[in-house]
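Open the model in your viewer and keep the selection tool ready. This tour says what to select next and what is there.

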Amino acid sequence: MQQYPLIGISGNHCQDHTEQDPYLLSYAPNGFVTGLEKAKAIPVILPIVSRETAHEYISRVDALVLSGGQDVSPLLYGEEPHLKLGRTYPVRDTFDLALIEEAYRQRKPILAVCRGFQILNVAFGGTLYQDLQSQYTESNILHLQKTMPSMATHSIEITEDSELAKILGTKAAINSYHHQGIKELASNFKAVAWSADGLIEAFESNEEGQYIIALQGHPEAMISTDKGMQELFNHFVQYIRERRLF
C-alpha cells in the first residue's frame, strides 16, 4: 500500500474573543488541506500549544507549511510598532518561531506563505516593512487587493534557476493580501521573485539540502483557478516523497 507524506500546517486561533474563551477555535485555511490532499499527502493542522511541543510536532511530520495570518510583531526584529501596524499575536509568533527552529534543525522541508513567508525571514534575522504604503516609497502597485482571493492581481518576475521557476516559469501572476513586506532578507535566504515595484515576493534557502520555498502570495486560495498554484503543492509533496522514499 502506498504511503503518503504527513505534512504539518501551522495553525492559528480565531480571535473574536479572548484566549481564555472556552470556545476559542484552532484552525488553518482549508485551501492548504485541499492542496496537500490533491498532491497525495496527509495534511495535519498543528494547533498553537506550548513551545516545547514544537519538537514533537516536527519530529512526527515529514514537512512544514507555514500559513498566513496576523502581522508579525516588530519587537522580534528590533523595531517599535508603526502607526499603521495591524493586529499582532505574540502567542502565535512564539509558536511559529519554535516550529521554524525545529524544522530547520531537523532539515524538514518548508513551504511558507504570506505571514509564514514574513516570520520565516524574521526568524533568521531579517526585517520587515511594517506598512508598505507608508514605508516602501518605491511601491506603485496594490499589494492588498480588493478582488476575490481566487484571482491574481499582479505579476512577479522569477529567477530562472530557482525551484519556483521550475513550477511557475519565470513570470507568473499571483494574488496579494498583505500590507507588510520584506525590507532586509536574512542571509540564510536568496530572493527569487519580485513584483514590478521591486518588492521581494519569494525566496529560497541558500543552504544545500535545505528545501525552502517562501511565497508572499496565497497559492492555497488559487488552486481552483490556476493550475500552477496546485502544482506548487504537487512539487513540494513530490520532493518529500523522493527524499523520504515513500
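**Stop one: helix α4**

Select α4 and look at its buried residues: Arg115, Gly116, Phe117, Gln118, Ile119, Leu120, Asn121 and Val122. Buried means under 20% relative accessible area, exposed means over 50%, and partly exposed lies in between (1.4 Å probe, protein chains only). Eight of the nine residues of α4 are buried, so the helix is largely enclosed by the rest of the structure. Helices are DSSP runs of H or I with at least four residues, strands are runs of E with at least two, and both are numbered from the N terminus.

This is a predicted model: local features need pLDDT of at least 70, side-chain atom pairs count only at pLDDT 80 or more, and totals for chains, interfaces and linings use all residues. Residues are numbered from 1 along each chain as its sequence is written, and side-chain values use heavy atoms, with hydrogens and water left out.

Step just past α4. Gly125 has a positive phi of about 100° there.

**Stop two: α3 against α4**

Helix α4 covers residues 115-123, and its axis lies 10 Å from that of α3, at an angle of about 70°. Axes are lines fitted to C-alpha atoms, for helices over the stretch in contact, and angles run from 0 to 180 degrees between N-to-C directions. The two helices, α3 and α4, are therefore roughly perpendicular to each other. Angles of 65 to 115 degrees count as roughly perpendicular, under 35 as roughly parallel, over 145 as roughly antiparallel, and the rest as oblique.

Now show the side chains. From α3 come Arg92, Asp93, Asp96, Leu97 and Ile100; from α4 come Arg115, Ile119, Leu120 and Ala123. Contact here means heavy atoms within 4.5 Å. By class, this contact of α3 with α4 has five nonpolar, no polar and four charged residues. Ala, Val, Leu, Ile, Met, Phe, Trp, Tyr, Cys and Pro count as nonpolar; Asp, Glu, Lys and Arg as charged; the others, Gly among them, as polar.

**Stop three: Arg92**

Zoom in on Arg92. Arg92 sits in helix α3, residues 90-105. Is Arg92 buried or exposed? Arg92 is buried, with a relative accessible area of 0%. Its side chain joins that of Ser67 in a polar contact of 2.9 Å. A polar contact is a pair of N or O atoms within 3.5 Å; within protein, one must be able to donate a hydrogen and the other to accept it, and residues adjacent in sequence count only if both atoms are side-chain atoms. Leaving aside residues up to four places away in sequence, Arg92 touches several others, including Ser10, Asn12, Ile48 and Arg115.

**Stop four: α2 against α3**

Select α2, residues 53-60. Helix α2 packs on α3 at about 45°, with the axes 9 Å apart. The pair α2 and α3 is therefore oblique. Ala54, His55, Tyr57 and Ile58 of α2 meet Phe95, Ala98, Leu99, Glu102, Ala103 and Arg105 of α3.

**Stop five: Asp197**

Jump to the loop between β11 (189-195) and β12 (200-205), where Asp197 is found. Asp197 is buried, at 7% relative accessible area. What does its side chain meet in a polar contact? The partner is the side chain of Ser195, at 2.5 Å. Beyond residues up to four places away in sequence, Asp197 touches Tyr136, Glu138, Ser139, Asn140, Ile141 and His143.
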